[in-house]
Structure formats: structure tokens, C-alpha cells
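Subject: Structure handover

Hello,

Here is the structure for your files. My notes on what was found in it come after the structure itself.

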Amino acid sequence: MKRSLVLAGGGMRVAWQAGVLKALEEADLEFTHVDGTSGGILNTAMMLSGQDADQMMKRWASVKVSQFSSPLPLRDYLRGPWNLPALSGPEAMVTKLFPSMGVDVDAIRKSKIPGTFNIANFTEKRSIAVSSKDVDPQLLAAGMSLPIFTAPLYRDGATWTDAAWIRDANITAALDHGAREIWLLWCVGNSPYWGKGPLEQYVHMIEMSATGGLLADFEQAKAAGREFVLHVIKPEHPLPLDPVFYLGRISASTLMSMGYRDAVAYLERSRPEGVRADYRCTAMTDGPVGVSWSERLSGHGFGLNLTVWLPLDDAVPGAVTGFLAKRRVKHLVPLADGSIVRTASSWEYRARARIDGDWVPVAIRREVPAGESIFDQLPRAEADIGTQHPNLRMGLCGRIRMLISLEPFGAHGLRQRIFAARDVLKMLRTARSG
């Protein structure tokens, strides 16, 4: 069966897709065509350059935000905001980002797996699926140059830019390449929440355009009698917006660990017939309010880089995502099914990791005596990793990094974010459910 992989956009959130690709690779899924739009162009280019999921994750883990944009000439900024071509230029993507992410245009053109890159021709007001045999670095960068934020490419009498306003995932291109099964990786937000302020509403406009283009593709396929099986991997709740990433409040590694978690969950519940190709396939819910933080623990040949997600509502289960590092294991191992279990005397993270092809249970436990808080027990933890039981430690620098990493999630507006952080800190100091 011909199978297409469709990588939608989502700004810096597309780091999430690298974690999804790791789970798809473990499931031995192979694709006969790959399509990318907007930020999804980067992951598509990395795949067609010959990288596997581990290589992609390693590059994403070390990506530098500064590589995504270049300052414009000073004279452009001096013209004033109403005459500014954009906030930045695309040159850094070509000269810094693509080389650091292993994007090799020659390899893309020679790839045995055909690919398409959706780039908007603003002059003609249409999205064009550029074949992998015809791309060049400047066109790839143009496809990732979102209006207002990054200047477009001017070439051959046309203006080329990000296609997200027309479509953010090209189902038609997949069908044109003979796909009978389509796997769509969707990290564009799609919840009922309507935010306030220009940034959130700019993002909402992209969400509407992206979803509208996707539904138009579904309707077109249905009208033409082009049947296919659709699988959609998506987050349960919208991922954090780009400013959170740019400010260092969430990392590419955290996004990748979330992608792996979401993909494993979908693969284990998926059905051969897939999901219905309608507006519900990418729908998300507005998540609970809470606070996340990062923890780094190590000891006895093991290391754990964790992100802990603690909702304010005790009725909503907490979650843990992250990676396990093990001596003599070449790559970081992502965790799946991470959860928080709190009792009157302990605080425990439970998850599982795929090591040497087998699922291994992982538990990290801290005993919390009566009258003490979880903060008192941060320096040390006991772990069960398969049949091994290492003692793990978090150094002083790690504890400082943990406190600095505290970040509200699901909170809208400065007031709600402050209250979320305050309430979670109070919970960590005093409360344990029995």
C-alpha cells in the first residue's frame, strides 16, 4: 500500500514532530511520499536528506533560535513600522539553520522517496507543491517565511512566502502520489478557545486558514471519489506558542518528548480504518491550568531529563515527559505514558521506555515524610528501571534550574499565569493527596 506522511506547520512547535517520527520509526512504518508545509518543511527536508529520527532529534535538541531569522538592513527599520518589509529576513535559515539541521538539497533531489514542499506564490495567490527534485535552499526558506515575521523571496517576477494562509497540509499532493493511506502530523492549534491580543488572534487566523484548507482538501477528495485511510497524530491540547520557545520557557527536547508520547498513545489505540476525514480529526481541547518544570536526575549509569506537568485541579492527572539516557545506549530514549502518583508519603513518576525493542517500566520515587514537602526531597530519588534500581541525585545547580524552569500552562493572561505559579508552589510545599 502506498502511504504518505504529511507534516503540517506550526512554527517552532514542529520540533514535536521529531518525537512523533521516532515512534513511527519504532512501529516500522514506511512512507512512499512525504509532504511538508510551513515549519513542517524543515522536518520534511531533514527526512529527505537521509536522516533517521534519532539524528533529527539530536539536531533539534541543539538548535539555536537565532538561526531562524536574520536582521534586516538598518535602513529598512529606519523607514518606520508602516514601511517595514518584515521583522526579519530569511538569510540565516539558508546559511545557518539548514546546515546545522543537516538539510542537504542535493540529497533531497536524489532521495528515493519523493517529496513535495508547499510554497505560496503570492503573485498568483496559490499554493504550489514544489517537487523535491526542484527545490533549492532559498525556496525552502521562503516556504517557512511567515508574513510579518520574515520577508518573502522575490524571484522571476513572483513573490514566494509561507503557504500557511492557504493550506498547512496538502492532502491532495499525497493523493496525487498514489497514497491510499495518509498519516497527518498536526501540531497547529485547533481548540474552541478564542484568545485576546494580536499575537493569539494572528495565530487563530492561521488556525482557521490551516483547518479550512485541510477541510477543502477532504471535500475535494470526496467529490472526486478518491478514497483513502486517514491517520492523524496530534497533541491533546494546543502546544505552547513560539514566544514561549524563543524565551527559553520550553525546549525542543520537551516538545519532542511530547510528540513521542502522543504518537505512542495514538498508535496503540489506532484502528485499521483510521479516523474520519472531517473537522473533528484535528480538534483539541483547551487544557487544564497548571505549572510545568524540568528535572535532571542522574546516577549509576543512568540519566533522566524530565518535564513534569502538574495541573492545579487534583482531579486532573499530572503527566511526565522526557528522555532516559543509559550507559552504552547510543541515543536518548524517550518516555511514554508518563504520570504522577502522589500519596500521603511519596511522590512518584511512572512511565515506560523502549530499550532494545522491549518496553521497560520506569519509576522515579521520592519518599516524603510527614511534615516535609517535596522540595525537601528534591536532591535524591529512588528509581526502578526495568530490573535495575539506581539511586538518582539532583545537584544544587539542577535544583536552581528546576525553579527557574517553572512555567504556567493552560493559563491565559498575566494574572492567571501568576496565580497558577503561586498555587502550584503552595501545593508542592504543603499538599499531598492520600
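Arginine 276 and aspartate 278 join their side chains in a salt bridge, at 3.7 Å from N to O; a salt bridge here is a side-chain nitrogen of Lys or Arg within 4 Å of a carboxyl oxygen of Asp or Glu. Arginine 276 is exposed, at 60% relative accessibility, whereas aspartate 278 is buried, at 15%. For these classes, buried means under 20% relative accessible area, exposed over 50%, and partly exposed in between (1.4 Å probe, protein chains only).

This is a predicted model, in which local features need pLDDT of at least 70 and side-chain atom pairs count only at pLDDT 80 or more, while totals for chains, interfaces and linings use all residues. Residues are numbered from 1 along each chain as its sequence is written, and side-chain values use heavy atoms, with hydrogens and water left out.

Other salt bridges

The whole structure contains 23 salt bridges. One of them pairs lysine 22 with aspartate 54, with the closest N and O atoms 3.0 Å apart. Lysine 22 lies in helix H1 and aspartate 54 in helix H3, so this pair ties together parts that are 32 residues apart in sequence. Helices are DSSP runs (H or I, at least four residues), numbered from the N terminus. Lysine 22 is buried, at 11% relative accessibility, and aspartate 54 is buried too, with a relative accessible area of 11%.

Glutamate 273 meets arginine 271 in a salt bridge of 3.5 Å, N to O; glutamate 273 is partly exposed, at 48% relative accessibility. Salt bridges also link Arg365, Glu367, Glu382 and Asp384 in a network.

Domains and their interface

The chain has two parts by an automatic or database domain assignment: domain 1 (3-269) and domain 2 (290-430). Taken over C-alpha atoms, the centres of domain 1 and domain 2 are 31 Å apart. In contact are 18 residues of domain 1 and 18 residues of domain 2, where contact means heavy atoms within 4.5 Å.

The two domains bury about 1,600 Å² between them, 59% of it on carbon and sulfur atoms. Buried area is the accessible area (1.4 Å probe) that two parts lose on being put together, summed over both. Of the area that domain 1 buries against domain 2, 34% comes from Arg249, Tyr260 and Arg261, more than from any other three residues.

Two salt bridges are counted between domain 1 and domain 2. Arginine 249 also forms a salt bridge with glutamate 407, the closest N and O atoms being 2.8 Å apart.

On the side of domain 1 that touches domain 2, helix H1 (15-26), helix H3 (53-61) and helix H11 (252-269) each supply at least two residues. H11 gives the most to that side, with nine residues. The residues of this side divide into eight nonpolar, three polar and seven charged; Ala, Val, Leu, Ile, Met, Phe, Trp, Tyr, Cys and Pro count as nonpolar, Asp, Glu, Lys and Arg as charged, and the others, Gly among them, as polar.

Helix H2

Helix H2 (residues 40-48) is mostly covered, with eight of its nine residues buried. Among the buried residues of H2 are Ile41, Leu42, Met46 and Leu48. After H2 comes glycine 50, which has a positive phi, near 105°.

Regards
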